Amino acid sequence: MSFEPAQTPLLLLEGLTKAYPGVVANDQVGFSIAPGEIHALLGENGAGKSTLVKTIYGLVKPDAGRMELHGEAYMPAKPSEARRRGVAMVFQHFSLFEALDVAENIALGMEDPPPRRDLSERIRSVSEEYGLPLDPSRRVGDLSVGERQRVEIIRCLLQNPKLLIMDEPTSVLTPQEVDMLFTTLRTLSAEGTAILYISHKLDEIRSLCDAATVLRHGKVVGDCIPRETSARAMAELMVGATLQTPARAAGTRGEVLLEARGLSLPSERQFGTALKSIQMQVRSGEILGIGGVAGNGQDELLDVLSGESRAPAGTLFFEGQDIAALGPRQRRAMGLLTAPEERLGHAAAPDMSLVENAMLTGDPRMSLVRNGMLDWPKTREFAKKIIADFDVRTPGSHVAARALSGGNLQKFVIGREVLQNPRALVVNQPTWGVDAAAAAAIRQALLDLAEQGTALIVISQDLEEILEIADNFAALNEGRLTEPRPAAGLSLEEIGLMMGGAHDMDTAHHAEA
Amino acid sequence: MGAISIELLLASLMVASTPILLAAIGELVVEKSGVLNLGVEGMMITGAICGFAVAVETGSPFLGFVGAALGGATLSVIFAVLTQYLLSNQVATGLALTLFGLGFSALIGQGYVGIKPPAIGSVNLGILSDIPFVGPVLFSHDVTVYVALALVAAVWAFLKFSRAGLILRAVGESHEAAHALGYKVVRIRFLAILFGGACAGLGGAYLSLVRVPQWTEGMTAGAGWIALALVVFGAWKPWRVLLGAYLFGGVTVLQLNLQAAGLKVPVELLSMSPYLITILVLVIMSADRRRAALNAPAALGRVFHAST
């Protein structure tokens with residue numbers, strides 16, 4: 001290790017191994033964390049980070065290896081034991097209950113919660129102490145993503161942890177919220193709480209962490225001091241290969257293809273956000289990037305563009321024609337394609353094969369149906385082309401969508417739309433959960449489409465992604481879309497303000513108007 | 001209409017409501033834990049015959065009710081093992097449970113047709129029972145009626161105030177999250193299913209021991225299904241379920257009285273009125289779809305399989 005702890009390490013891992021059928025998730029993993037240290041755990045998707053932290057938190061029992069906490073043997077059989085020993089964890093997909101209020105959620109994560117009134121009091125005092133404003137009586141379903149994360153963090157802090165595990169904490173936060181979180185984490189570290197920080201955002205790790213351990217295919221492949229290592233060097237350590245940066249030839253802008261004029265629509269989703277007078281134009285060859293914290297109307301915007309929910313007449317136009325009343329298939333036939341965020345169940349039918357899934361959205365535009373009969377040979381060709389062109393790792397086109405890993409399925413659903421030669425394409429979170437190399441390939445494909453004259457809307461919470469490929473940037477904030485601005489030259493500060501990062505301190509976040 | 005006594009009507013309303021109230025409050029707990037057990041009808045009728053048989057053999061209605069609760073709970077164990085350990089589909093398993101219960105109860109009940117069960121006395125509430133009007137309506141029933149009411153209050157308080165109730169609701173809300181926090185999802189659901197089975201059994205026994213009182217095949221006649229509907233239309237709230245049960249019981253008693261009074265309305269219309277009116281009223285009360293959805297357990301009917 002390049003980081004030499006001055007005293008007994010807080011946590012010591014040695015030879016941890018965990019195998020699942022067909023894959024070794026952790027292979028002889030070992031490293032140590034000193035008290036008060038902020039330690040990064042880096043790796044691609046599927047590198048074994050989650051399995052490792054679940055082992056530390058007592059959710060997974062390793063096949064071999066040992067752990068020490070404060071120099072004593074440590075092998076929690078269940079999370080409550082880990083919590084009792086001073087290990088707390090903030091989950092990547094929040095382990096919160098939307099229908100319950102903040103205090104109830106926090107009580108559920110505690111071993112021995114005090115009566116409700118005392119608990120509310122303590123929540124208030126801890127939240128003030130660490131600069132995480134939160135009202136104990138609000139229903140979690142009504143909170144913004146940043147506020148939900150605060151619930152998780154406060155739940156951990158109430159138990160005075162010695163080690164706090166954070167799994168991808170910033171992937172859903174605005175830049176301002178990230179700053180607030182980092183301030184909190186640094187305070188904690190100064191008080192002697194060690195933090196195990198999982199992320200693949202390298203710039204954040206460089207600014208926050210004292211040490212880093214890199215995992216690849218379940219093995220420790222290196223460690224470094226992030227402040228002294230370049231982001232590129234860390235990325236290549238993670239991937240084990242040299243990275244390609246997407247490049248774009250200067251395309252030409254054509255006529256306006258997709259236009260929304262004062263589009264307002266109440267949400268049909270539970271805890272949803274209503275769209276409020278959306279105004280935008282996307283030209284042929286242009287990429288409009290739409291940023292914003294999750295839950296500010298991204299899903300609703302995609303629904304209304306795809307035709308799943310119908311806009312009021314006279315608010316949505318494609319090539320100058322009012323398409324508000326048209327359904328998804330008619331829009332697809334015209335060349336307006338969409339790829340939603342939720343891969344299983346929205347973009348793809350989980351239990352149907354890749355061929356069948358190719359048929360489901362490919363049919364209107366690729367004419368996969370002849371005289372009312374399904375043209376399977378042609379569909380199979382189409383599915384195989386997607387698999388080959390987008391490097392989808394699968395035993396074949398006959399396997400069910402559910403059997404693919406998240407990243408591979410994402411490549412498939414994006415590839416399926418890209419290869420249909422769309423006139424306009426709307427994608428939501430195109431590289432969510434995809435590893436760095438595949439994400440670069442997807443972005444390149446989107447750039448190539450724009451070059452050929454397709455109008456693109458890329459909705460994403462990954463700001464770096466938007467800044468990398470978009471021509472114009474707009475932000476969604478509580479269902480309102482800001483005026484699009486040229487992406488080149490926008491600073492993170494300005495973007496944060498467009499996303500309304502400052503508003504979210506304690507204002508209400510209610511959707512329904 | 002003059003032939004109908006309001007006092008008698010209200011008094012029999014409480015008796016008529018008790019079976020579905022018992023079954024519904026049990027199912028409410030089951031559904032709050034995220035499990036949809038469509039076998040209520042089967043567990044009710046099994047409880048009806050188990051309770052009847054035990055009461056006849058021992059001569060004690062009290063032991064009869066104990067037997068009914070055990071019978072209903074035993075049947076629900078089949079459902080719990082199939083759905084929680086063998087991960088079978090809850091809807092199909094519940095339907096199978098109903099069919100099984102109906103057939104099984106007919107088999108046990110063959111020797112009990114036409115027998116009178118031992119009578120169950122009403123509680124002596126002393127001076128309370130002597131109050132005019134209020135006394136006969138509220139304070140002249142058998143103990144089960146009050147047990148059912150106490151059960152509604154207990155379930156309400158359990159779900160709202162106790163930690164165990166909070167955990168149960170959390171499991172029904174998101175089993176993944178509850179599992180991640182280290183709660184035993186399967187064990188909690190198993191216990192909830194047992195409770196639901198026991199309550200359905202009690203409801204069934206109330207039919208065969210008090211309300212009718214005798215044993216006939218298929219005597220629950222859809223009461224289990226109405227109990228299921230009450231839970232959904234009552235938006236998973238104990239007091240609304242109580243209201244729904246009283247409404248159903250009330251209309252049932254009223255239409256029987258109207259039939260007896262010779263009202264010039266087709267009997268078929270009168271007979272279907274309890275079902276129609278109850279569901280109509282509860283649908284109107286839960287008309288705000290979004291708010292009703294808020295109270296619905298989000299994990300209802302979903303199979304839980306711990307991946308780690």
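Predicted model: local features only at pLDDT ≥ 70, side-chain atom pairs only at ≥ 80, totals over all residues.
Residues are numbered from 1 along each chain as its sequence is written, chains are lettered from A and ligands numbered from 1 in the order in which they are written, and side-chain values use heavy atoms, with hydrogens and water left out.

Chain A contains 16 helices and 23 strands, where helices (H or I, at least four residues) and strands (E, at least two) are DSSP runs numbered from the N terminus. Its C-alpha atoms fill a box of roughly 70 × 50 × 40 Å along the principal axes. For 513 residues a compact globule would have a radius of gyration near 24 Å, and the 24 Å of chain A agrees with that; the radius is taken over C-alpha atoms, and the globule rule is 2.2 Å times the number of residues to the power 0.38. Of these 513 residues, 57% count as buried, a word that means under 20% relative accessible area, with a 1.4 Å probe and protein chains only.

Among the strands, E2-E1-E4-E5 is the order of an open sheet of 4 strands with antiparallel pairing, and its edge strands, each pairing on one side only, are E2 (23-33) and E5 (72-73) of chain A. Two strands pair if DSSP finds at least two bridges between them; strand E1 (residues 11-20) is joined to strand E4 (residues 64-69) of chain A by 5 bridges, and Glu14(A) has Arg66(A) in E4(A) as its bridge partner.

A parallel pairing occurs elsewhere, where 4 bridges join E16(A) to strand E19 (residues 424-428) of chain A, and where Ala339(A) has Val427(A) as its bridge partner. In a regular strand the side chains alternate between the two faces of the sheet. Strand E16 (residues 336-339) of chain A is covered on both faces, with Leu336(A) and Thr338(A) buried on one side and Leu337(A) and Ala339(A) buried on the other.

Finally, Leu481(A) lies in strand E22 (residues 480-481) of chain A and is buried, because its relative accessible area is 12%. Leaving aside residues up to four places away in sequence, Leu481(A) touches several residues, including Ile278(A), Met280(A), Ile290(A) and Ala474(A), where contact means heavy atoms within 4.5 Å.

Notes: Buried < 20%, exposed > 50% of the residue type's maximum accessible area, 1.4 Å probe, protein only.
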